[in-house]
Amino acid sequence: MNYPDRFDVIVIGGGHAGTEAALASARMGCQTLLLTHNIETLGQMSCNPAIGGIGKSHLVKEIDALGGAMALATDQGGIQFRVLNARKGPAVRATRAQADRVRYKAAIRGMLENQINLTVFQQAAGDLIVDGDTVRGVVTETGIRFHSETVVLCTGTFLGGVIHIGLDQSRGGRAGDPPSNALAQRLRALPFNVARLKTGTPPRLDAKSIDFSVLEEQPGDTPTPVMSYLGSRGMHPRQVSCHIAHTNERTHEIIFANLDRSPMYSGVIDTIGPRYCPSIEDKVHRFADKSSHQIFIEPEGLDTHELYPNGISTSLPFDVQLEVVRSIKGLENAHITRPGYAIEYDFFDPRDLRHSLETKFIHNLFFAGQINGTTGYEEAGAQGLLAGLNAARRVQGQESWSPRRDEAYLGVLVDDLITLGTQEPYRMFTSRAEYRLLLREDNADLRLTEIGRELGLVDDDRWAAFDSKREAIERESARLKASWVQPGTPAAAFVADKTGKTLSREYSLMDLLRRPELGYDDVANLVGDAVEDAAVAEQVQIQAKYQGYIDRQQDEIDKLKRHEATPLPESLDYDRVEGLSHEIRQKLKAARPETLAQAGRISGVTPAAVSILLIHLKKRR
Ligand code: FAD
C-alpha cells in the first residue's frame with residue numbers, strides 16, 4: 001500500500017487547538033498529518049456556539065494576526081456580533097460572535113481541506129511511538145503506524161472522559177463521541193503529572209416550544225462588527241437576535257431540593273470545574289442570596305430550531321433539568337432536545353511544558369488545548385497555533401518562538417500556565433494581562449503580523465492588506481501632526497463650540513485629537529480629508545488619546561526587561577535566601593522559575609521578594 005506514512009509534524013485531534021496547530025505547521029511548509037476521530041467533527045464546538053468575549057477576542061485576533069483560522073471562520077459562521085464593553089476603554093473592549101455551529105465547522109473544514117502540505121486522516125490515535133525520551137510517531141487504534149519528527153497532542157476533554165447526568169455515568173469524550181482511553185492509559189504510563197478536571201454544558205431547547213414574546217430581545221450591534229482583520233460584513237450570513245430569560249425563586253427551590261441527585265454535591269464528582277462558567281447548581285448554591293440569574297437564549301444556527309440556554313449548565317438528572325427549565329418564564333412548555341451533562345477528563349500539569357509547549361519529559365512532543373488545563377475554544381486555538389509553529393520550527397532546525405507577556409495575550413496565557421500551573425480550568429481575562437493597554441484587540445495585527453510573516457505563518461494576501469493598513473495609519477498620523485488650525489478660523493470656532501475653550505494659538509489636528517471632547521470624526525476634516533477606512537481612523541485615534549499611558553507602560557516593560565534575562569540558577573537554594581517569607585519560599589521551590597522576571601509573576605511573589613532575590617544573586621557572584 002502506497003500511503004504516505006512519514007510526516008514532519010503529526011497533530012492528534014481536530015478540535016480548536018488541533019486545527020490551528022495543523023494549519024500553522026502546514027503554512028510553514030511542513031508536511032503535516034491531522035489525525036482525528038471523525039472528519040465530520042473537525043472544528044466542532046463542544047459547547048456554546050460562540051467565539052470571543054472579554055479576554056478571549058484578544059486571543060482570537062492574535063490567532064488571526066498570525067494567519068490562523070478562527071476569526072475568519074467566525075466571520076463566515078457568525079450570526080450575531082456585538083462589541084462588549086463598548087463604552088469602556090479600548091483595552092477591555094471585546095468582540096463576541098454567536099456562531100452558526102454548522103457554518104463555523106464547514107468554514108474550518110474548508111480551510112483544512114484547501115491547505116497545501118496538510119493531510120487529514122480519520123482514525124483514533126491509540127499510542128505514541130517513543131524511542132528513549134523522544135517521540136517518533138503515532139499508532140492508530142487499528143494499528144496503522146505514522147512516523148514523524150514531531151507530534152502535537154490536542155485531544156481536548158477526550159482523555160479518560162467520563163460523562164455525568166445525575167448519578168448516571170458513561171464513558172465519552174463529549175456527548176455522542178467516544179473517549180480516548182487507550183491513549184490516556186499510554187500517557188499515564190509516561191512521566192507526566194496527570195490530574196482530573198470537569199466542565200459542563202446545558203440542555204438544548206427547541207425554539208418552537210419557547211414563548212419569545214415574554215423574553216427580552218438582544219439584537220446584534222449596528223454596524224455589525226467583524227472578527228478577522230481580513231473579514232468583512234459581506235462574509236457574514238444573515239444576522240439574528242439572542243434573547244434573555246431569568247431563573248426565579250421557584251427554579252432555585254427545585255435545584256436546592258435535588259442537590260443530593262447532583263453528582264457534584266453528592267460527592268460522585270470531586271474534581272474542579274470552571275469558576276467563571278459555573279453550573280446552575282453551583283450558582284444557586286454559591287450565591288444563595290440572589291433570587292435570579294440571567295440566561296441568554298442563543299440560537300445554535302440559521303437552519304435549526306435548536307437553542308443554547310447559556311447560563312444553566314448542569315449535571316442534574318434529566319427529570320430535574322426539565323423541571324428547572326420549565327420553571328422559567330417563557331420556557332414553561334420548553335422541549336429539551338438534548339440533556340445537559342458534566343464531563344470529567346484527564347489534563348496534564350502545564351508546568352511540565354516549556355514556553356514552546358513542548359513537554360519537558362519527551363522531546364519533540366507538544367501539548368496544546370484543554371489537555372493543558374485550559375477551557376475555551378480561543379485558549380485552545382491560541383495554544384494550538386503556538387505548538388504547531390514550534391513543532392514546525394523544530395523540524396526546520398530553528399529555535400522555538402513564544403511571545404512575551406507584553407507582546408500578546410498568548411504570551412500571558414502560556415507564561416501563566418507553565419509558571420503557575422492551574423488547579424481549575426483556566427480561562428483568559430483582560431485582568432490577567434499587566435500590560436493590557438498595549439495588548440488591545442484592535443492592535444493585535446500591529447503587534448504580531450510582522451512577526452508572523454517572519455515565522456512563515458502569514459501569506460501574501462494578509463501581508464499586503466496589513467502593510468497597506470500600517471502605512472495608512474502612519475500617513476494619517478503624520479498628516480494630523482502637520483495640519484494646523486489657526487485661531488479665529490471657522491475650524492477654531494468649531495473646536496471652541498465642542499470643547500468650550502477658545503483656541504489662543506495654533507494647534508495641530510493631532511493635539512486637538514488628544515482632547516477628551518474631540519474624536520477623530522470631529523477633527524480629521526477640519527483641515528484636509530479624513531481617511532475612509534474605519535480601522536485606520538480607530539487606530540489613529542486610540543494611539544493619539546492613550547499615547548501618554550502607552551509610553552508609561554512601555555517604560556515599565558523596558559525596566560523589567562533588564563531583569564527578564566537574569567537567570568535563576570537551577571541549583572539556587574531558596575531556603576538560604578535571607579528575608580523571604582516561608583510562603584514565598586514554598587512557591588518559588590514549587591515553580592522553580594527560570595528567570596527573575598518569571599519569579600516576579602508568580603502570584604504572591606512580591607516586588608520586594610524579587611529585590612531580595614536580585615540582591616542574593618549579586619552576593620553569590
Ligand atoms: P476539543 O475541541 O475537545 O477537540 C479534541 C479533538 O481531538 C476532537 O476532535 C476529538 O475527536 C479529537 N481526539 C481526541 N482523542 C483523539 C484520539 N485519540 N485520536 C484522534 N483524535 C482524537 N468552553 C467554553 O469556552 N465555554 C463553555 O461553556 C464550555 N463548555 C464545555 C462543555 C463541555 C461538555 C465540553 C466537552 C467542553 C466545554 N468547553 C467550553 C470547552 C471547549 O469545548 C474546549 O475548551 C475546547 O473545545 C478545547 O479545544 P481542544 O482543541 O483542546 O479540544
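Predicted model: local features only at pLDDT ≥ 70, side-chain atom pairs only at ≥ 80, totals over all residues.
Biologist: H1 and H9 both came up. How do I read a pair of packed helices?

Modeller: Two packed helices are described by the angle between their axes and by the distance between those axes. Here, H1 and H9 pack at about 30 degrees. Their axes are 7 Å apart.

Biologist: Are H1 and H9 roughly parallel or roughly antiparallel to each other?

Modeller: Angles under 35 degrees count as roughly parallel. H1 and H9 are therefore roughly parallel.

Biologist: Is the crossing of H1 and H9 left-handed or right-handed?

Modeller: H1 passes H9 in a right-handed crossing.

Biologist: Which residues make the contact?

Modeller: From H1, they include His16, Ala17, Gly18 and Thr19. From H9, they include Tyr377, Ala380, Gly381 and Gln383. By class, the contact of H1 with H9 has 11 nonpolar residues, eight polar and one charged.

Biologist: Now H1 and H4. At what angle do they pack, and how far apart are their axes?

Modeller: Helix H4 covers residues 101-113. H1 packs with H4 at an angle of about 25 degrees, and the axes lie 10 Å apart. That angle makes H1 roughly parallel to H4.

Biologist: Is that crossing left-handed or right-handed?

Modeller: Left-handed, as H1 passes H4. H1 brings Thr19, Ala22 and Leu23 to the contact. H4 brings Ile108, Met111 and Leu112. By class, the contact of H1 with H4 has five nonpolar residues and one polar, with no charged ones.

Biologist: Step back to the whole chain. How many helices and strands does the protein have?

Modeller: The protein has 19 helices and 22 strands.

Biologist: Why is the protein called as compact as a globular protein of that length?

Modeller: Compare its radius of gyration with the globule rule. The radius of gyration is 26 Å, close to the 25 Å that the rule gives for 621 residues, so the protein is as compact as a globular protein of that length. Along the principal axes, its C-alpha atoms fill a box of roughly 80 × 70 × 60 Å.

Definitions and conventions: Residues numbered from 1 in each chain as written. Axes fitted to C-alpha atoms, helices over the stretch in contact; angles between N-to-C directions. Helix = DSSP H or I, 4+ residues; strand = E, 2+ residues; numbered from the N terminus. Parallel < 35°, antiparallel > 145°, perpendicular 65-115°, else oblique. Left-handed = near helix turned anticlockwise from the far one by under 90°. Contact = placed C-beta atoms within 7 Å. Nonpolar A, V, L, I, M, F, W, Y, C, P; charged D, E, K, R; others polar. Rg over C-alpha atoms; globule rule 2.2 N^0.38 Å.
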